[in-house]
Amino acid sequence: MEQHHGLRDQDGGPEHPAADHDGGPDLHAFVRSRQGELEGQLAEWVRVPGVLGVPEHAQDLIRSANWLAAAFRDVGFPTVEVLPTGESHAVYAEWCEAPDAPTVLVYSHHDVRAAKPQEWDQTAPFEPVVRDGRLYGRGSSDAKGQVLAHLWSVRAHLHQRSLTNDPQNPDARSLNAAKTQNLSHSSGVSTGSTTGAGSTTAPAVNLKYLVEGEEEGGSPHLAKLLEEQGDRLQADVVLFSDTLLWHADHPAVCVSLRGMLSASLQVFGPERDVHSGAVSGNAPNPAFELGRLLALLHDGEGWITVPGFYDDVEPPPEDLRQALAQLPFSEEDWLKRSETGAITGEQGYTVLERLWLRPAVEVTSLIAGDPIGVSRAAVPAVASADLSFRTVPGQRVEKVAEQLRQWVEASIGDSFGHTFSVDLETAQEAYRTPEHPAVSALERAMGRGFQSAGVGRMGNAGGGPAELLARALDAPVLFFGTGLVEDHWHDSDESANLAVLVNGAVTLAAFWDELARME
């Protein structure tokens with residue numbers, strides 16, 4: 001299929017406010033009229049516990065992939081396949097019947113994190129319920145809701161195009177006259193099979209979806225899949241849909257993603273757990289040493305102290321810093337939404353800059369002694385911690401890993417043994433979206449989807465295989481997700497904001513229209 005790298009706006013003019021676009025109200029009306037179906041689908045899919053990394057859920061991962069494949073076929077996608085990948089399965093869907101239009105590859109995932117049912121208050125993790133405009137359940141927001149927003153965007157897009165192209169509907173002809181003119185350049189768009197709902201028109205752009213099943217494990221087999229399926233996955237742009245929005249009422253285009261490197265540190269003291277009453281005062285306690293090392297990771301101003309860690313960090317673009325400063329923000333609102341209790345971190349940068357533009361390190365697990373059950377009052381033989389490093393453009397995870405190894409070797413006390421390991425197989429590089437006309441198209445689409453004249457810019461604090469996708473497919477990566485910090489990803493009572501899913505579906509449907517206007 002012919003590719004059209006280097007997309008540009010067809011009219012070449014300035015960005016248009018949301019109110020200037022036609023079709024937005026029609027898209028909203030369609031998705032809202034079918035919101036009950038969207039909710040039902042999401043609930044049905046959430047009931048499939050496709051938890052990655054838990055052997056008893058291996059079959060559920062296959063069920064999850066098959067569920068999604070059936071959903072793509074129900075929308076009308078002519079090509080749908082379930083592809084084995086490591087310990088899970090990916091779903092590939094393709095609808096490419098617009099030879100003169102751009103091609104988009106959408107990336108997301110269907111696997112979910114493990115849950116602790118005893119910590120869920122609103123519902124059991126895989127027994128979804130709707131309360132106060134939210135659907136609760138594991139995977140509802142990360143990322144099954146995001147994927148379903150895509151499916152309903154295609155439905156809305158096809159519905160709008162069928163009205164535009166229906167010669168028997170004079171109201172539709174009048175309502176969509178302007179849009180018909182705008183879309184008329186997409187020659188070669190074929191008509192699909194007739195269903196109970198009437199004739200199904202193909203999308204105005206070429207759509208490809210890759211929804212993997214190992215993202216929650218760091219996508220260890222994605223590189224191999226991209227290599228094996230590289231030819232069929234070629235696209236002009238990649239749309240990465242596994243990210244957060246800034247606020248339900250204030251849309252912002254995500255333009256960057258931090259990298260990720262996981263590490264594990266074990267510190268060894270006595271040869272075995274020893275009764276503290278027998279050796280207290282002279283035995284090397286690895287819990288103290290591990291605590292000392294973790295405390296050394298930051299200085300008094302919140303900077304990471306590993307030598308050379310900041311050497312390759314690129315200065316944040318000034319225009320992006322200004323864009324972040326324009327987002328509506330208050331510490332009170334942030335603390336309420338994030339439930340973090342306090343604001344800490346690197347001095348000299350704002351909260352949003354620390355979140356999206358600066359590197360960071362977090363302790364995600366800390367174990368020593370008897371964390372569960374009755375204490376034995378013993379000095380532990382081992383203390384361990386899991387660390388998560390977030391990197392930014394300029395840094396490379398392999399170099400950061402070597403810096404960390406050298407720092408541990410130089411910092412640990414002589415009385416202690418240790419092991420330090422980094423997981424380079426699942427490490428991910430940082431990525432920043434380049435200047436590209438599709439970014440402005442997405443910005444306009446978000447204005448329509450969220451019915452807002454102003455659309456900001458933001459980043460994403462987490463990681464993901466965006467850099468891998470960009471490198472393997474030689475295409476720019478754009479980001480659009482429907483998650484919110486208050487959705488509680490990876491935590492108890494995960495939920496999806498249903499109004500945001502509707503606005504997200506409309507945004508994506510409008511984005512397909514916007515891309516169809518480009519050449």
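**View 1. E443, a buried partner in a salt bridge.** E443 has a relative accessibility of 11%, so it counts as buried (under 20% relative accessible area; exposed is over 50% and partly exposed lies in between, with a 1.4 Å probe and protein chains only). Its partner here is R457, and the closest N and O atoms are 3.6 Å apart. E443 sits in helix α14 (residues 437-449) and R457 in strand β18 (residues 456-460), so the bridge ties together parts 14 residues apart in sequence. A salt bridge here is a side-chain nitrogen of Lys or Arg within 4 Å of a carboxyl oxygen of Asp or Glu. Helices (H or I, at least four residues) and strands (E, at least two) are DSSP runs, numbered from the N terminus.

This is a predicted model, where local features need pLDDT of at least 70, side-chain atom pairs count only at pLDDT 80 or more, and totals for chains, interfaces and linings use all residues. Residues are numbered from 1 along each chain as its sequence is written, and side-chain values use heavy atoms, leaving out hydrogens and water.

**View 2. E314 and R432 joined by a salt bridge.** Here N and O are 3.8 Å apart. The pair links distant parts of the chain, 118 residues apart: E314 is in the loop between α9 (286-296) and α10 (318-325), while R432 is in strand β17 (residues 431-432). E314 is partly exposed at 37%, and R432 is also partly exposed, at 23%.

**View 3. R517 with E514.** These side chains meet in a salt bridge (4.0 Å, N to O), and both residues are buried.
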